[in-house]
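Have a look at the structure first, then read on.

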Amino acid sequence: MSKETLSVTDDRNGKTYSLPIEKGTVRAMDLRQIKTGPDDFGIMSYDPAFMNTASCRSAVTFIDGDRGILRYRGYPIEELAEHCTFLEVAYLLLHGELPSPAELKDWVYEITHHTMLHENVKKFIDGFHYDAHPMGMLVSTLAALSTFYPESKNVLDARVRRQQILRLIGKVPTIAAYAYRHSLGLPYVYPDNELSYTENFMNMLWKKTELKYLSNRTLARALDVLFILHADHEQNCSANTMRCVGSSQADPYLAAAAAASALAGPLHGGANEEVLKMLAEIGTKENIPGYIKQVKEGKFKLMGFGHRVYKNYDPRAKILKRTAEEVFQVTGRNPKLDIAIELERIALEDEYFVKRKLYPNVDFYSGIIYQAMGFRPEMFTVMFAIPRMAGWLAQWEELLQDPEQKISRPRQVFTGKDVRHLEQARPATAAD
Ligand code: ACO
């Protein structure tokens, strides 16, 4: 039987080391023993942007990027999107198993009864400019919640953690809806506890003067599917931020605000907003070849394309293409879909994209759906953040229960000046 070890020979002194291999990894700390002498610090690994570094063990989400596979707690994303509600999936992510009917009933009840925001939050949101970006409002409000729940800093207490999980999953749609209504100058709408998670969100977004908001079932289901697809994606930039900030034992509101900030960037969740800007700029199908030429010349990136992990079609994008057609039955077809489909067709036949294994990612189609539902592009990343809260919290829970984890603190390879002294830069003058 082959040995599960890696032999490393240090050519500086000919010494050989045997490093254990576990689940396809060697421990970076095992490299530290490789030294040339007692004063040598030992070898470190250098991995900018974590291209080949596992930062944790995780049982939450599995991705096989080469085969285009995504599973939450073992269940294929396609099955979850077909048969579950978002809150069932959120439970699964956080608890490791799907809820029984009784557990689901309690879970839905608890989340539903944590959807209201303190009245002061309204005043707080009122302070933003009418054209404030909703992601800025979301991030700030999440951080502000930390001040309303000071007990949340007891992150090592499982009961306290659970209470904040309920609050965060319950309140994030309310914050998102308030930010949306604020940008339109509309009064805020309180949650309605008789509605499902997505129906209530639609109620808080779109209710006008009617006494009871009636949601369109197809759109409510499409939102559920979108939320399921966006709920977690293992160690992406924002999950890693949640873990990094969480590792300092900051409270979950502050950690979630940091994670949402990471999500806002155009290379991460902010890409959905950029895709719509790009499709508007392209304008017509005839302009696509010229646009692709400029992408290949390195002038800009094709937004919604490419992924650090997927080197195959993003399985979420496949499901979204279908969801888009269902939504358009209700809203009418978003003409941008035709440009997107043609752009995808041309790109997938082009040597540049084929060689680099660049495929559409989840952000390529989500914005087209959200726009058809009536959202401005500025809201798209907020729509991503709502369900991702469940994933961030599942990653945060796992981090805090992992005895191997400590405060997240990478090393560096120092490239600056060696020691030097002020007297060399500023020679003493007579006045001194
Ligand atoms: N358009 C054109 N070329 C691209 C694109 C793109 N969208 N993405 C990657 N490439 C090229 C790079 O220029 C590079 O080419 P080179 O080898 O000639 O230098 C090669 O493909 C490899 O790309 P990297 O940038 O090294 O890949 P990385 O893993 O660092 O980046 C990322 C992944 C950030 C997602 C990148 O593909 C990108 O910027 N895409 C556009 C933004 C986007 O859609 N982000 C959403 C990702 S999904 C999510 O976060 C929810």
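Which side chain meets arginine 316 in a salt bridge? That partner is aspartate 314, at 2.8 Å from N to O.

## Before we start

This is a predicted model, so local features need pLDDT of at least 70 and side-chain atom pairs count only at pLDDT 80 or more, while totals for chains, interfaces and linings use all residues. Residues are numbered from 1 along each chain as its sequence is written, and side-chain values use heavy atoms, with hydrogens and water left out.

## Salt bridges, inside and out

Side chains of opposite charge can pair when their charged atoms come close. Here, a salt bridge means a side-chain nitrogen of Lys or Arg within 4 Å of a carboxyl oxygen of Asp or Glu. The structure holds 25 of them.

Back to our opening pair: arginine 316 is buried, because its relative accessible area is 2% (buried is under 20%, exposed over 50%, partly exposed in between, with a 1.4 Å probe and protein chains only). Aspartate 314 is buried too, at 1%.

Now for helix H11 (residues 271-282), where lysine 277 and glutamate 274 sit 3 residues apart, about one turn of the helix. (Helices, H or I, are DSSP runs of at least four residues, strands, E, of at least two, and both are numbered from the N terminus.) Their side chains form a salt bridge of 3.4 Å, N to O. Lysine 277 is partly exposed at 42%, and glutamate 274 is partly exposed at 25%.

Helix H14 (residues 336-349) has a pair as well: glutamate 349 and arginine 345 are 4 residues apart, so about one helical turn separates them. Their salt bridge spans 3.5 Å, N to O. Glutamate 349 is exposed at 59%, whereas arginine 345 is partly exposed at 40%.

## Around the ligand

The ligand is surrounded by 20 residues, and the closest are His268, Leu302, Gly304, Phe305 and Arg308 (a residue counts as near if one of its heavy atoms lies within 4 Å).

Which side chains put polar atoms by the ligand's oxygen atoms? Arginine 308 has one at 2.7 Å from a ligand oxygen, and arginine 356 has one at 3.0 Å. An N or O atom in the side chain of asparagine 361 is also 3.0 Å from a ligand oxygen.

Conventions: Polar contact = N/O pair within 3.5 Å; in protein donor to acceptor, adjacent residues only side chain to side chain.
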